[in-house]
Amino acid sequence: MFDSAFDCVVLDGTVVTAADVGRYDIAIKDGKIALLAPARSLSKVKATRIIDAQGAYVMPGGVDAHVHLSEPQLFGKGRPADDFTSGSRSAIAGGTTTIIAFAPQDRSDPSILNALDEAQQKARDAAYCDYSLHLLISNPTEQALEEFAVLRERGVSSIKIYMTYEVLQLRDNQILDVLLQARKDLITTMIHAENGDMLTWMTEQLERRRLLAPKYHATSRPQILESEATNRAIALSQLVETPILIVHVSSPLAANNIRTAQTSGLPVFAETCPQYMFLTRKALDQPGFEGAKCVCSPPPRDGEADLESIWRGIENGTFTILSSDHCPFIYDDNVDGKKSAISEDAPLGRFRYIPNGCPGVETRLALVLSADRLSPQKFVEVTSTNPAKLYGLYPQKGALIPGLSDADLTIWYPPSSLEPFPVTNSALHHNVDYIPYEGQIVSNWPRYTLVRGEVVWDRDNGGIVGRKGYGQFVKRGPSAFCREQPEWDVERY
Ligand SMILES: *[C@@H]1O[C@H](CO)[C@@H](O)[C@H](O)[C@H]1NC(C)=O
C-alpha cells in the first residue's frame with residue numbers, strides 16, 4: 001500500500017492532540033510527520049525503526065516556553081546551574097522537545113543584539129532538543145526599540161519585561177514604550193507582574209524586625225503585589241491595544257483580574273507553573289534553611305483553595321500555557337547557589353538574598369499528567385500546542401499534522417504497565433542537587449522522546465540516547481494570537 005520506506009513508525013498509539021484523541025499509527029519521514037493511519041494498519045510497512053506504543057499516549061513533544069539557562073548573574077548572587085546542555089538533557093528526559101530560554105540584555109547596554117548573539121553563542125552545538133530565545137529587556141532605549149525589527153528577522157518574536165527586581169524593573173512609561181513597539185513589530189510581550197516598590201517596602205519592614213528566614217519570602221510578596229501589578233499591566237496593554245502574556249501567575253486574585261480582562265475581550269494571556277499547582281507556602285517553612293529550596297517568585301500561595309483555583313483556571317481557559325519556569329540554583333552552594341544567602345550574622349540566611357527559582361523542566365509533564373485532573377487534550381493544549389501557537393512555532397511544533405509538523409513525540413507507558421513511583425532528584429538529568437517534589441508519586445513517565453524523528457530518550461534502553469548539539473535553533477514567526485494592526489493613534493483619546 002505504501003511503497004516508500006519510512007524512517008520510523010510508531011504503532012498503536014492513543015494519539016492525543018489539542019484537536020482530538022484517536023488510536024493511530026504514525027509514520028515519520030525526514031524528521032517530519034508523514035502520515036497518521038488507523039492503529040496497526042502500518043504494521044507491515046518498511047521502516048528503519050518500529051516503536052510499538054501498545055496503546056499508550058503519544059503526544060506532540062512538550063514545549064516548555066519558560067526555561068532559564070546559562071544566564072549571567074543578574075541579581076547579585078546566584079547563577080543558574082544549568083546550561084543549554086544540561087537543561088535540554090533534562091528536558092528530553094521529561095518529554096519536552098522544544099524549550100524557549102532567555103537572552104538577557106545587560107542594563108548598561110543600549111542595544112539588545114549583543115544579548116541575542118551571546119545567548120545564541122552559548123546554545124550553539126550545545127542542546128539535545130530544539131530551542132528558541134526570548135529577549136529579556138532591561139533597558140528599552142530608542143536603539144533597543146528600533147532593534148525589535150531585527151529580532152523578528154532573526155526569528156525571535158517575544159520579549160520579557162519585569163515590573164520588579166531593582167536591576168530589571170521598568171517604569172510604566174518604559175513599559176508603554178515597549179508595548180507600543182511590540183505592537184508595531186508583532187512581538188509578544190511577557191510580563192513578570194509583581195509590584196517592585198511594594199516588595200522593597202515589605203522587605204524592609206521584615207528586615208527591621210529581623211524576620212529573615214526563608215519563609216518570610218512569602219510574607220514579603222503577598223497576593224496583592226501580584227494582583228496590583230497584573231491589573232496595571234492589563235491597563236497599560238489596554239491603552240496601546242496590544243496583547244500581553246502574564247507569566248507565572250500564582251494567585252487567585254491575579255487570575256481573577258486576568259479572567260475579567262479576558263471576559264471583556266482584551267487580548268490578555270496567562271501562564272502558570274507546577275509550583276503553583278502543587279506547592280504552598282508551607283514548603284518554605286522547613287527546618288533550618290531547607291525552605292530556601294522552594295523560594296521562587298511569585299511564591300507558592302497559602303493553601304489548598306489557592307491551588308484549586310489555579311487548576312480551575314487551567315480547565316476553564318484562563319491560563320493559556322503551563323510552563324516550568326525552570327530556574328535552577330544549586331542548594332548546597334555558598335557562592336552561586338541558594339546558600340549564598342547565609343552569612344555569619346544570619347545563619348538561617350536572609351530571604352532577600354536567596355536566589356529566586358526552582359528546577360522543573362524535567363518534572364513538568366509527568367507531575368501534571370499524573371495528577372489525572374486535566375483531560376488528555378487539555379494537557380496537550382497547555383503544555384505543547386498553545387505555547388507553540390503563542391510563540392509562533394505552530395504547526396512546526398505542538399501539532400502532528402502530516403507534512404507540516406516536526407516528528408517531535410512524547411510516548412508514555414501503556415496504562416498500568418508502570419507501578420506508580422516516587423520522583424527522586426537522583427533519577428533526573430539537570431545540574432541541580434534537589435527538586436521541590438522529592439518523593440511525590442507519579443503514575444507515568446515519558447518512555448520515549450523523539451526530536452525530529454530521532455529517538456533521543458529511551459527510558460528502558462540507555463536513557464539519554466540523543467546527542468548534544470542535535471538540537472537546533474528554531475526561527476519563530478509572529479504569535480498566532482496577535483494580528484497586524486493599524487498604527488496606534490494617540491488622538492483617538
Ligand atoms: C475560571 O478560573 C479563574 C481562575 O481560577 C476564576 O477566576 C474564574 O472565576 C473561573 N471562571 C469560571 C467561569 O469558572
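View A. An oxygen atom of the ligand sits 2.7 Å from a polar backbone atom of Ser309. Asn256 brings a polar side-chain atom to 2.7 Å from a ligand oxygen, and Asn316 has a polar side-chain atom 2.4 Å from an oxygen atom of the ligand. The protein covers 68% of the 360 Å² of accessible area that the ligand has on its own. Those areas come from the Shrake-Rupley method with a 1.4 Å probe, and for residues only the protein chains shown count as cover. A polar contact here is a pair of N or O atoms within 3.5 Å; within protein, one must be able to donate a hydrogen and the other to accept it, and residues adjacent in sequence count only if both atoms are side-chain atoms.

This is a predicted model, in which local features need pLDDT of at least 70 and side-chain atom pairs count only at pLDDT 80 or more, while totals for chains, interfaces and linings use all residues. Residues are numbered from 1 along each chain as its sequence is written, and side-chain values use heavy atoms, with hydrogens and water left out.

**View B. The shell around the ligand.** Ala255, Asn256, Arg259, Ser309, Gly313, Asn316 and Thr318 surround the ligand; to be near it, a residue needs a heavy atom within 4 Å. Sorted by type, the shell has 1 nonpolar, 5 polar and 1 charged residue. For this sorting, Ala, Val, Leu, Ile, Met, Phe, Trp, Tyr, Cys and Pro are nonpolar, Asp, Glu, Lys and Arg are charged, and the others, Gly among them, are polar. Helix H9 gives the most to the shell, with 3 residues. Helices are DSSP runs (H or I, at least four residues), numbered from the N terminus.

**View C. Nonpolar cores.** The largest nonpolar core has 104 residues, and Phe148, Leu151 and Trp445 touch the most other members. Helix H12 (residues 364-370) gives the most to this core, with 5 residues. Another core, of 16 residues, lies apart from it and includes Ile26, Ile28, Leu400 and Val455. A core of this kind is a set of buried Ala, Val, Leu, Ile, Met, Phe, Trp, Tyr and Cys residues joined through side-chain atoms within 4.5 Å. Buried means under 20% relative accessible area, exposed over 50%, and partly exposed in between (1.4 Å probe, protein chains only).

View D. Ala366 is found in H12 and is buried, at 0% relative accessible area. Beyond four places in sequence, Ala366 touches Trp412, Val442, Asn444 and Trp445; contact means heavy atoms within 4.5 Å. The side chain of Ser370 reaches the backbone nitrogen of Ser443 at 2.9 Å. Leaving aside neighbours within four places in sequence, Ser370 is in contact with Val442, Ser443 and Asn444.

**View E. Ser220 in helix H7.** Ser220 is found in H7 (residues 216-220) and is buried, at 1% relative accessible area. Not counting residues up to four places away in sequence, Ser220 touches Leu199, Met202, Thr203, Leu206, Leu225 and Phe351.

**View F. Lys122 in helix H2.** Lys122 is found in H2 (residues 113-123) and counts as partly exposed, at 39% relative accessibility. Lys122 touches Ser70, Pro72 and Phe84, again not counting residues up to four places away in sequence.

Notes:
Helices (H or I, at least four residues) and strands (E, at least two) are DSSP runs, numbered from the N terminus.
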